[in-house]
Amino acid sequence: MYERRQKTSRKTDTTQTIFTRFMLIVAFFILWIGGIGVRLVHLQVNQHEWLLGQALDQRRNQVKSKQLRGTIYDRSERVLAMSVNTKSLFADPSEIEDVETTAKRVAAALKVKPNDILKNLTKAKEKGKRFVYLARKLDEDTAQKINETLKDVDLQKFDEPRFAGIHWREEQKRSYPYKTLAAQVVGFSNTEDVGQAGIEQSQEELLHGAVLKKWQDRDRLGRVYDESETEDEREPPKDIVLTISNSIQYKTEQALEEGVKSANAKSGMAIVLDPKTGEILAMANYPTFDPNKFNDAAPEKLINRAVQSMYSPGSVFKLVTYGAALQEKLIRPDGFIDCSKGFIEVAGHRFDDPHATKTMSYGEALAVSSNYAAIKTALGLGKEKFYNYALGFGFGEPTGIELPAEARGQIRPPDTWFGDSLASMAIGYELNVTALQAAMAYATIANDGVRVKPHIIKEIRYADGKVFQNQKTEKTQIVRPEAARGLRQMLQQVVLKGTAKRAQLEGYSSAGKTGTAWKYDARIKRYNESKFVSSFIGFAPVDNPSVVIAVVIDEPMGGGRDGGQVSAPVFRQIAEQVLPELNIAPDTDIHQETLTAQTKIPAEIEIAPTSTHQTSEKENNSTKTFEKEVKSEKLKNSAAVESKKEKKPTLVEEKDLPKQQRQKTIVINVEKPKGDVKNKSSGATEKAKPKT
Amino acid sequence: MSRKRISPNNQTRNSKQSNRRSPKRGSLPVRYRLLALFCGLFLLVGFFFAARQHFASMDFSMKNSQLRKMSDELESDKRRLLLAKEIALSPAEIKKAAQKIGLKAMTAANNIQIARPTESINSEKTRAVGKVETAKPKPVAAPNKPQETAAGEKLTAKNVAQIKAPDVLVKLEKKIESAIK
């Protein structure tokens, strides 16, 4: 019984032991699994973000790149500026173990001194930097060669170059295939692809590409198996088509360069534009620069003088004087003016004019660039009207062309004028204009008195060719078509008989006006009589002008210095090449002999408004007296025109005229603001000699 | 609490009974076994197929990525070639090439002769003669007279034959061909 009981208890003990042990193991497992569960919950819930980031970091990488900057085309779709992909080599010093060997290998690949690279890498490694440029903006061929040189066979790296710690970065490089062509117009962008000048600067917002973020998922070998792309909120870059014609631009630049060099001048600018549409066909500056190497260019070469520089236009501005007078019906192209006096005195300032020796038509007066006739005409107009017409022709305001830093010009309001300001302005002094403003004034006359807003952008479009924006033409009638036609006839006389015979064209009629103005010297605070700005602005053919060409040469030093001798030949050279290119039918015969009589060209005489100011005691003579006198002169003049209309006018020498018929000299003394009395040079009379 | 004791005889009998019964109870009909086998196989094939698809998709993704890269590179090459073409065709380069082969700049008179429309000349003539003539195309320039190139240079029969495609263009053509291939 006892034995049986003992056996039974022993059995129970064993079973219990087994059961207890089993339960312990189960408990252990439960605890283990529970621990794992808790850990999992902790990882999945609390550390989710961090772990996700870690996981993505391991298999994902982000590549940032920029969409290629928009392309700039000329009007015939030729590329003026284009961006291409390039590669920049950089190092991540944290991934490099042996800096010295790396520096040697990289230097050998880049063909540079290893010391420089070693220095950079060591410095960066010490500072804990993870990005050091080794070479920037390399082309594809060079990159391939570097990849071959920097090949480490033992390294498991999918991307090229297969070398530890060395990587490529996609960048873009702006190229200007035509180099110096239209450099100031197109401008340039810096290494960060931000426009710094010209269209590149003014249209930066449109040209600039969006930043692309590319997410790449990689396997353990670094092979990309998934890609996704995002871009910033910026609009995709647009292409810009300019109104510039590369062929016309090239010819203009060639002619200008030749003109500047032959005149031994400081600089020059030329503009070719279509007066009907306001499209700029060419805008040239000399000296110029290569936008591909803009760092090497002198700062003054980067300026687009045609829109950024101002100058006193001189006689070119007589267009406004005569244009306004024709519009106001004060004069007629075939009307006559008595210029026999030879000088005119306004507010104590004597304006000499050696051409003013006889009675002549207004056409002739403009042809010989008579200051006397222009001043008298302006005095007839009066301050306000003259000022308003100057504004109407577009002076004193930016033209609104799509180029950066356009100068507005300088033309003071009449209430700040001096006594002789009207006279000075009538011949293009005491005001500053840009070459584009002056060209646009002539374009207005060429376009039957309609001023069209100039523009240099023809079209803006997306990369796929879809048009984003077209240019709209803004037109304003400034003078009547009849008045414009009359002025065109007068301007033709300048080319046929006057100061611009060198602007006569082979096969085409042309018209225009020369200008030779003294330059204002800020150093001596007066006009410098040894420095000139010589210009010629004209158009062709006369009856239906297709192009307006403005040529401005700054400080010609050799030989002839006036616009007729320096700028008119450049105009001729440009026009004779441009007109056939535009398929304009010739309207006159081809004659080679037209320019043989070079010596007979009357030299233009410019008298700056700087002669000794005679401060009269009768300074209180009001402008009313002046206006009365002018009115009576106007009446006389119109009566004379009417009477001479009947008979065919013949030019009368001064000595043949009776004394009474000679024009009176109008002397007006108007008080000038104190402290601003200009030093009037007595050299005006001396300068007033024909320059041949 | 009394524990029911099972005699060894009983135990043997029971186990024997159960052994006798088990083939009947535990064994499934063949069709069920086949179904189970089929399901197992289906699952296995499914997993295998899914794995294959996964790796295939990875492979395609990689290929896709490579092709995309290649397409980008070709696009870049195209732009570079276009740029090279523009450089080669720039007026300054053409002028240099023309000067190299001895071409000279045209005169204004040559230019105008080319520009003068034949119609207007003919119409002037017909007006003068007083009869209607069909406008005959006037030769742009006499055969022995030089013609104009894009850069405004003279072209004569002699030097036209001498003109060869510039090396740059030949290289470009080759590059384009290889890129297409």
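Residues are numbered from 1 along each chain as its sequence is written, and chains are lettered from A in the order in which they are written. Because the model is predicted, local features need pLDDT of at least 70 and side-chain atom pairs count only at pLDDT 80 or more, while totals for chains, interfaces and linings use all residues; side-chain values use heavy atoms, with hydrogens and water left out.

**How confident is the model?**

Let us start with pLDDT, the predictor's confidence in each residue, from 0 to 100. Chain A averages 82, and 83% of its residues score at least 70. Within chain A, residues 592-599 fall below 50, and this stretch has eight contacts beyond near neighbours in sequence; a contact means heavy atoms within 4.5 Å. Residues 605-692 of chain A also stay under 50, with 171 contacts beyond four places in sequence.

Chain B has a mean of 66, and 44% of its residues reach 70 or more. Its confidence is highest in helix H2 (residues 30-88), at 91, and lowest in helix H5 (residues 118-129), at a mean of 36. Helices (H or I, at least four residues) and strands (E, at least two) are DSSP runs, numbered from the N terminus. Over residues 118-165 of chain B, pLDDT stays under 50. Where pLDDT is low, the predicted coordinates should not be read in detail.

**Where the chains meet**

Here 38 residues of chain A are in contact with 29 residues of chain B. About 3000 Å² is buried between the two chains, and carbon and sulfur atoms give 59% of that; buried area is the accessible area (1.4 Å probe) that two parts lose on being put together, summed over both.

The interface holds five salt bridges, each a side-chain nitrogen of Lys or Arg within 4 Å of a carboxyl oxygen of Asp or Glu. Two of these pairs are shown below.

| Residue in chain B | Residue in chain A | N to O distance |
|---|---|---|
| Glu86(B) | Arg78(A) | 3.1 Å |
| Glu93(B) | Lys179(A) | 3.8 Å |

Glu86(B) sits in helix H2 of chain B, and Arg78(A) in the loop between strand S2 (72-73) and S3 of chain A. Over all chains, the structure holds 37 salt bridges.

**An open sheet in chain A**

Chain A has an open sheet of five strands in the order S12-S11-S23-S22-S21, with antiparallel pairing. Strands S12 (280-286) and S21 (511-521) stand at the edges with a single partner strand each, so one side of each is left without a neighbour in the sheet. From one strand to the next, the twist averages 10 degrees. Two strands count as paired if DSSP finds at least two bridges between them; S21(A) and S22(A), residues 526-540, pair over eleven bridges. In that pairing, Gly512(A) stands opposite Gly538(A).

**Backbone details to look for**

Most residues other than glycine have a negative phi, and most peptide bonds are trans. The bond from Tyr286(A) to Pro287(A) is cis, with omega near 0 degrees, and Pro287(A) lies in the loop between S12 and helix H10 (305-308) of chain A. Another cis bond joins Ala540(A) and Pro541(A), with omega about -20 degrees; Pro541(A) is in the loop between S22 and strand S23 (547-554) of chain A. Ser369(A) has a positive phi, near 60 degrees, and lies in the loop between helices H12 (362-367) and H13 (371-381) of chain A.

Definitions and conventions:
Axes fitted to C-alpha atoms, helices over the stretch in contact; angles between N-to-C directions.
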